[in-house]
Amino acid sequence: PSNSFALDGDWTVKEEMALPSKGSALEFNFNAKNVYLVLNALSGSSEIKIILDGKVVGFANQGNDVAQGTVVVTQNKLYHLLKLSTPGEHILRLEFLEGNVSAFAFTFG
């Protein structure tokens, strides 16, 4: 359904954060123009592949923190994942290539 998400793989879900294991994924059915997510690397850095409607996000739709369809999480901050030309309903899939990251809250614009 619209504005809902599903988790794939092994996750530890706490009151204010979710911790994915390596190889886990999150899918979110959203309706917006911009997508942001607060993320934090637990140690070092962590890479997350960004997939929009079944395809790795291209240059035209990448948010400010994404390069070549991947966001590298290095610190606790709000990461800009998607920047679309117009708002609309889409499926966002995040594939966690490492397991040393925590996810907190989505925001949209």
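**Charges, fold and core**

Modeller: The chain carries 8 positive and 11 negative side chains, and the centres of the two sets lie 7 Å apart; Lys and Arg count as positive, Asp and Glu as negative, with His and the chain ends not counted, and each charge is placed at NZ of Lys, CZ of Arg, CG of Asp or CD of Glu. The model is predicted, so local features need pLDDT of at least 70 and side-chain atom pairs pLDDT 80 or more, whereas totals for chains, interfaces and linings use all residues. Residues are numbered from 1 along each chain as its sequence is written, and side-chain values use heavy atoms, without hydrogens and water.

The secondary structure comprises zero helices and 10 strands (DSSP runs numbered from the N terminus: helices H or I of at least four residues, strands E of at least two). Of the 109 residues, 41% are buried, that is, under 20% relative accessible area with a 1.4 Å probe, protein chains only.

The largest nonpolar core has 26 residues, and Phe30, Ile50 and Leu94 have the most contacts inside it; such a core is a set of buried Ala, Val, Leu, Ile, Met, Phe, Trp, Tyr and Cys residues joined through side-chain atoms within 4.5 Å. Strands S4 (25–41), S5 (46–52), S8 (70–73), S9 (77–96) and S10 (101–108) each supply at least two of its residues, and S4 gives the largest share, eight residues. Beyond its neighbours within four places in sequence, Leu94 is in contact with residues including Leu26, Leu37, Ile48, Ile50, Leu81 and Phe106, contact meaning heavy atoms within 4.5 Å.

Terms used
Buried means under 20% relative accessible area, exposed over 50%, partly exposed in between (1.4 Å probe, protein chains only).
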